[in-house]
Amino acid sequence: MIAFTPLLALVAALWCAVPRSDRAAPWVTFVASVLTFGFSLIPLTALRAGGTIVFVRNWVSLDSLAAFFLALIALVYLTASLFSWGYLKGEPGERIRLYYANFNFFAFSMLCIPLLSEIGVVWIFVELTTLLSVLLVSYALSVEALEAAWKYMVLTLLGATIAVLGVLLLFWALHVTGSTDFTWTGLREASARMPHALLGVAFALLLVGYGAKIGLVPLHTWLPDAHSQAPSPVCAMLSGIETSVVLYVLLRLRDVFAGDAALHVGSWFLVAGLLSVGTAAFLIVQTHDYKRLFAFSTIEHMGIVIAAAGIFTPAADVAVIWQLLAHAVTKSFCFYAAGAALMATETREIARVRGLLGTSRAAAAALLLGALAIGGAPPFAVFLSELAILQSGILAHLYLAIALLAVFIVLAFFGLLRHVTNMVGGEPEAGRIRLPAPCLWALALGAIPVVVLGVWMPSGLGAVLQSAARVLGT
Amino acid sequence: MAESIALNLAQLAFVLLLSPLFAGILARLKEIVQSKRGPSIFQPYRDLRKLFGKDERISAESSWLFRTAPYLIFIVPLIITLLIPVLTDFPLFLAFAGDMLAAGFIFAVSGLFFTLAAIDAGNPYGAMGASRTRMVGFLAEPVIIVVLFTVSFIANSTIPYIVQQHWVHPIANFFAPSHILLLIAFFMIILAETGRIPVDNPSGHFELAMIDESKALELSGRSAALVKYGGYMKFTVLAIIFLNVLTTPWGLASTGSIVAIVGAAAAVSLKIVALVVAVVVVESSYAKLRLFRISEFLGAAFVVSVTAMVTELLRL
Amino acid sequence: MNGIIVELNALVLGLFIIATIAMTVTRQIGACMQLFIVQSLLLAASAFLLGASPLSWHLVALGCVTVLSKVVIIPWVIRALVPGEINQRRELAQTIDVPAALLISLGLTLVGYAFAQPLIHAAPSLSAGNLAMGVAGLLVGLFLLAVRVEAVPQLLGILAMENAAFLAGIAVAPDFPLIAELAIAFDVPLLAFIVALLARTAYRRIGTTEVGGLAALREWIR
């Protein structure tokens, strides 16, 4: 039953693809996303103690890590579909319909990834997430949006092509050991017996290939463009979830390669992560566009997660999962706030937005809350997860790396806050504007986890995170 | 020994007598492809006879270079004929006197003298053609070197008689990528070195666009005939190296009997005619490249030759 | 293993890399597409040759799917979606001149060869060349993407890289479970469709498909 969860999104997509369904499209999408979220919660509790639900042996299965990601995707899918409803008010019906069709296809491709356990098919779906979101990025049809979509497409497909060679080499390495079980678990079991040369090359190819999709520096150039030009709900999906899902694939691969100590997987992750965090921190300081601001912040957070994954202790793995959750809920909220600000001011230039508090109180409050939360101010979720990461790093005696990480995080925090306070304060330039109701609902709904998770961790959720981190295991 | 000398003489006779015929066939075929009738295939013989019978004009300002170069251009293809398997697949007595690299060097000598003679005459077009020929030559050089090195990798020799046997023993060698790619690269080099389209237009009459022809503008009478004859033979000799040495030894005589030699002469003529057809196809389907694009054509030949080498290295 | 098949496969590999390099330097967009078709046919030929001895239906099927998808469907999709004038026009904008591009491609071929060298001794002898030429093709395709500014050649560059990856793949993973067929049969045509759709939209909205020349989003401009 749970294995069919993504099919809800597929059904919604097909429904929206039927001509003249534009009035029903927002409803259908919303209902599908609510149902998806509901279903995705079921395995969370069932798998809390560990274990795996196998639907089709070697092809479709779910463990606690995958279930956690499934729920995370469904959550952002839910808020994004709600925000889309208000965001697209006033668009021609035909465009709304095509938007929703594409949006649901995109959600479908992402929902499938955690459910799949066959690595080749996972690769296909990672490529599909790109293909099915390209036309969403170019939705505005402006020169900038088309350029962003093109860059996004070329660079991520490039990454996918590099990754496929890595996948093929990994299969070959598995073949050499005599096993045919090309799944996460099968690979982990066989990884100790695989030839070192093959593993090394496959690791390099997969890190570069999937890294391009995650936005790791220096393959990040497409990310600020795509994540700023797309409609805001799509940005929320791209930044909040798509990058994390690919990161999930990379995290699982990490454990395959960790079997070969000579590869120094942890060090490579640390270096790649720190490079991204550092670059993104400086980019945040100098940017002029508030949606790009949050896009750079995505690069920063992906870097933090990769670096934390390089620490390789059970505590760090819990922090990784915690950080991914905090980032997904906070970043999607940030993009809703940015979308609300965009609707209120109709510009993306930071310098041209002044006195947002006077123009739209909801947008200003959301933007401030989002910037504080994503920058890592207490008492929000990101603060706690980043603290956990720094702590676990210190316990693992990685002082230099942690010092650098802390410096970059602080730098990014002040960069973010400087830009956002400039926008919120000052004399308003336009009159008061009222945002569409679904947008306000989405903002309210999105704000709940951002605020709550910082001060109160439900005990059930804690157990879910723990058990998801155990699957990563070291 | 006597038989060997006789066979060598037969090879010389083959090149001397039939070279103009192949040029005639090429010209005629090209005209036919272009929906024209064209001259008789024996026209080159008549041209040569006419030129040999004419007075020769030599500039008073020119030096001995101008007078000796035509003889050199005429003789060099004949010297190379002695080194390569024209009609026989067994080595003759000069077979080991020089390898394919030596053949390249000997050709370079005649090329050098032709260039100097063209400048010597003082005609501005001569110097222009000379510099352009050098340019083509420089660009073709790396290709030839890589081709020969690859051949020596494959056959462990650059002696033509040894190389030719390698391609068919065993027959799988024939399909080796290095072999096929070498052939493509070498074919492109033949086109460039003998001044065919797309590098040069042999039938062009516009001096500014000429590469090869403009060097011979000052020559007249016997000198002109010798240079023309030398050009015909150069094409034939390169074709023989291409067909007999680099492609296969098929059709060559394996004994020294007269029947075998005559049969081989016919077979080799057929092979050359086939190559002529290929040249006609290329000449009729492509336009002459602009001068600065020639480097791209020869660059492509270089790519092919290096790929030939890489695929050879891959089969460790 | 049959000697002639080994040699023929090696020949196909050599021609494959030459076709890839030719795609990098050719000026016309139409010629680029034809070279891509040739390249795909060579990939299929390699699959057929490797699948012939020992007989592997898996590789034969892969070859058939490749022909169907990349030789028939993809060119059809591109021609149908991208305005005709783009296909015929000469592409003058090229960031590197041809001889330099040729030499760089050659250098990348040698890099691919050197890269595959340490892996080759673990492979069965027949496929050694496939891996090296696949990696080389991947690098040359990457270079193609970097020097091309037009939309269609960039798309063909991605597809060429994909071909190269599978060329390496059929050698190292001859019984790869289904992914190759699925990807080629389903993923790649979808890719071509979406990218061509994007190129068409760009052409209609901005009047050019020189996507490489778009620079509205550069960070340092403002």
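Chain A of this predicted model contains 19 helices and two strands. Along the principal axes, the C-alpha atoms of chain A occupy a box of roughly 70 × 55 × 45 Å. A compact globule of 474 residues would have a radius of gyration near 23 Å, and the 21 Å of chain A agrees with that, so the chain matches the expectation for a compact globule. Of the 474 residues in chain A, 64% are buried.

**Domains of chain A**

Chain A is divided into three domains, with the bounds listed here.

| Domain of chain A | Residues |
|---|---|
| domain 1 | 1-117 |
| domain 2 | 119-261 |
| domain 3 | 264-474 |

The C-alpha centres of domain 1 and domain 3 of chain A are 24 Å apart. Their contact involves 19 residues from domain 1 of chain A and 22 residues from domain 3 of chain A. On the domain 1 side, helix 3 of chain A (residues 64-87) gives the most, with twelve residues. By class, the residues on that side of domain 1 are twelve nonpolar, four polar and three charged.

**The nonpolar core**

In soluble globular proteins, nonpolar side chains tend to be buried together. Here, the largest nonpolar core has 398 residues. Those with the most contacts inside this core are A:Ile73, A:Val137, A:Ala149, A:Leu169, A:Ala337, A:Leu367 and B:Ala185. Helix 6 of chain A (residues 143-177) gives the most to the core, with 24 residues.

Which residues does B:Ala185 touch, not counting residues up to four places away in sequence? They are B:Val143, B:Val147, B:Ala301, B:Val304, B:Ser305 and B:Ala308.

**Where chain B meets chain C**

Between these two chains, 20 residues of chain B are in contact with 21 residues of chain C. Helix 7 (177-193) and helix 10 (294-314) of chain B each supply at least two residues of the chain B side. The largest share of that side, twelve residues, comes from helix 10 of chain B. Sorted by class, the side of chain B that touches chain C has 14 nonpolar, four polar and two charged residues.

Definitions and conventions:
Residues are numbered from 1 along each chain as its sequence is written. Chains are lettered from A and ligands numbered from 1 in the order in which they are written. This is a predicted model: local features need pLDDT of at least 70, side-chain atom pairs count only at pLDDT 80 or more; totals for chains, interfaces and linings use all residues. Two residues are in contact if their C-beta atoms, placed from the backbone, lie within 7 Å. Helices (H or I, at least four residues) and strands (E, at least two) are DSSP runs, numbered from the N terminus. Ala, Val, Leu, Ile, Met, Phe, Trp, Tyr, Cys and Pro count as nonpolar, Asp, Glu, Lys and Arg as charged, and the others, Gly among them, as polar. Domain bounds come from an automatic or database domain assignment. The radius of gyration is taken over C-alpha atoms; the globule rule is 2.2 Å times the number of residues to the power 0.38. A residue is buried if 20 or more other C-beta atoms lie within 10 Å of its own, exposed if 12 or fewer, and partly exposed in between; C-beta atoms are placed from the backbone. A nonpolar core is a set of buried Ala, Val, Leu, Ile, Met, Phe, Trp, Tyr and Cys residues joined through C-beta atoms within 7 Å.
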